[in-house]
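Here is a short report on a two-chain model.

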Amino acid sequence: MSTFTPPTFEILSQVLEEKFGVLREDIKPDTVLEDIELDSLALIEVALTLQKRLGFVIPTEDLNSGGTVSDLYELVNSAAGNA
Amino acid sequence: MKAAVISGIGAWLPPDLVTNDDLAARMNTSDEWIRTRTGIRTRHFVSAGMPTSRLAAEAGARAMESAGTADVDAVVLATTTPDRPCPASAPEVARRLGLTGRPAFDVSAVCTGFLYALTTAAGMIASGAAEQVLVIGAEAFSTLIDPRDRSCAVVFGDGAGAVVLRAGEPGDPGALGRIVLGSDGSLADLITVRAGGSERPHPDADPERTDAADRYFSMRGREVFEHAVARMSESARAALAHTGWQPGDVDRLVGHQANLRILRAVAEQLDIPADRLVIHLNRVGNTAAASIPLALAHAHATGDLAPGARVVLAAFGGGATWGATALTWPSLKSV
């Protein structure tokens with residue numbers, strides 16, 4: 001067992017801020033993704049950027065703009081666990 | 001073996017300019033919605049009855065003038081929207097250009113069509129069958145669009161771009177590198193006009209069996225986005241590997257102009273800075289097979305593409321099809 005936890009939430013927040021101009025104070029676990037203008041294509045862009053930075057594949061079919069920041073974070077984390 | 005070298009370039013857009021506000025007056029959309037989701041501000045549409053062969057001939061004539069030639073050995077037309085389902089439109093394009101008698105044929109690979117047509121023409125040159133070939137990408141794509149389908153109606157536009165390829169040496173400026181192509185027929189439903197071919201009759205011919213909407217173009221945007229980014233990036237990497245260039249060596253990335261967000265994602269995947277993207281879709285929308293030669297012609301005319309620039313071309317389209325190549329931009333006469 002590795003005790004190393006990748007700083008996934010920090011990287012996710014960075015990507016949302018840099019690429020999509022989402023304000024940090026809006027990146028809360030219960031924020032609904034479409035409320036911060038992340039439509040289905042934007043979520044694919046987020047997934048592609050994260051894939052490139054983190055080095056593992058994120059299953060985009062499970063992305064849904066009706067979900068929350070927390071759902072997105074969980075998805076990335078479970079992808080990290082499977083990598 | 002002779003290399004295929006770009007010796008002339010030309011483009012033509014039908015005069016009818018349509019802004020996002022014009023579209024918003026016709027359907028439930030807005031300038032802001034279209035711009036933020038696609039990057040498109042204007043596009044050109046053919047007037048009723050203006051055929052693809054007209055657009056193709058206008059662009060072809062300009063490319064031949066740029067190349068300083070009044071004759072070519074063959075005409076290859078990439079189009080998704082031929083004048084008629086049968087015959088091909090290239091013979092009519094050749095006739096309009098005063099080239100009656102020359103071999104002329106269409107190539108169909110939707111938005112990758114221009115790269116497929118370049119490959120065919122380069123093969124004719126390599127085999128010695130031709131010294132000069134006119135290669136045109138032309139589309140009256142608006143004729144495929146359901147006027148009620150706002151997701152597609154705001155994206156596509158009409159136009160034509162063309163190059164003349166001449167027989168030359170592999171090291172010449174403008175010599176096309178290896179053209180990397182691919183296809184996957186299991187993705188046919190992603191980008192399609194369902195009816196009007198041998199599989200499903202045109203709805204007018206058989207209203208019982210065919211939905212009226214099936215005569216029009218449809219696209220599964222989200223899946224197209226993912227496949228386009230993956231395949232354009234992969235094929236561009238493969239094309240770069242053939243030249244020996246690193247991504248950082250690329251001065252201009254000319255991707256199929258489908259969507260600004262796809263282009264940016266491809267650049268990111270390739271580690272090519274976004275400011276090296278040639279962007280033309282803001283002016284003309286997605287013009288399918290015409291998009292790469294139109295973008296090249298515009299960038300050439302504005303000086304965005306200078307002689308000596310290392311250029312990568314990459315496309316993804318219906319089929320699915322995809323491809324890429326690399327070349328050093330030559331010094332060409334502007335027309």
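Chain B and chain A bury about 1,200 Å² between them, and 48% of that area lies on carbon and sulfur atoms. In chain B, the residues that lose the most area to chain A are B:Arg222, B:Arg261 and B:Glu268. Together they supply 51% of what that side buries. The model is predicted. In residue terms, 12 residues of chain B are in contact with 13 residues of chain A.

Charge shows up in this interface. The rule finds 5 salt bridges across it. One pair is A:Glu45 with B:Arg261, whose closest N and O atoms are 2.8 Å apart. B:Arg261 is also among the residues of chain B that lose the most area to chain A. Polar contacts link 10 residue pairs between the chains, with both residues at pLDDT 80 or more. On the chain B side, the elements that give two or more residues are helix 7 (221-243) and helix 8 (260-270). Helix 7 of chain B gives the largest share, 5 residues. By class, this side of chain B has 3 nonpolar, 3 polar and 6 charged residues.

Now the sheets of chain B. One is an open sheet of 5 strands in the order 1-7-6-4-5, with mixed pairing. Strand 1 (3-12) and strand 5 (104-107) of chain B each have a single partner strand, so one side of each is left without a neighbour in the sheet. Neighbouring strands here are turned by 20° against each other on average, direction ignored. Inside this sheet, strand 4 (residues 74-78) and strand 6 (residues 132-139) of chain B pair in the parallel sense over 5 bridges. B:Leu77 stands opposite B:Ile136 of strand 6. Helix 3 (residues 52-67) of chain B packs on the sheet. It touches strand 1, strand 4, strand 6 and strand 7 (159-168) of chain B. The direction of helix 3 makes about 125° with that of strand 1.

Another open sheet has 4 strands in the order 8-13-12-11 of chain B, again with mixed pairing. Which strands stand at its edges? They are strand 8 (180-183) and strand 11 (252-255) of chain B. Each has a single partner strand, so one side of each lacks a neighbour in the sheet. The twist averages 10° from one strand to the next. Strand 11 and strand 12 (residues 310-317) of chain B pair in the parallel sense over 4 bridges. Within that pairing, B:Val254 has B:Leu313 of strand 12 as its bridge partner.

Last, the backbone. Most residues other than glycine have a negative phi, and most peptide bonds are trans.

| Site | Feature | Value |
|---|---|---|
| B:Cys86 and B:Pro87 | cis peptide bond | omega about 0° |
| B:Gly319 to B:Ala320 | cis peptide bond | omega near -10° |
| A:Glu37 | positive phi, not a glycine | phi about 65° |

B:Pro87 sits in the loop between strand 4 and helix 4 (90-96) of chain B. B:Ala320 lies in the loop between strand 12 and strand 13 (321-328) of chain B. A:Glu37 is found in chain A, in the loop between helix 1 (8-20) and helix 2 (40-54).

How values were computed. Residues numbered from 1 in each chain as written. Chains lettered and ligands numbered in written order. Predicted model: local features only at pLDDT ≥ 70, side-chain atom pairs only at ≥ 80, totals over all residues. Heavy atoms only, no water. Contact = heavy atoms within 4.5 Å. Buried area = accessible area lost by both parts, 1.4 Å probe. Salt bridge = Lys/Arg side-chain N within 4 Å of Asp/Glu carboxyl O. Polar contact = N/O pair within 3.5 Å; in protein donor to acceptor, adjacent residues only side chain to side chain. Nonpolar A, V, L, I, M, F, W, Y, C, P; charged D, E, K, R; others polar. Pairing = 2+ DSSP bridges. Axes fitted to C-alpha atoms, helices over the stretch in contact; angles between N-to-C directions.
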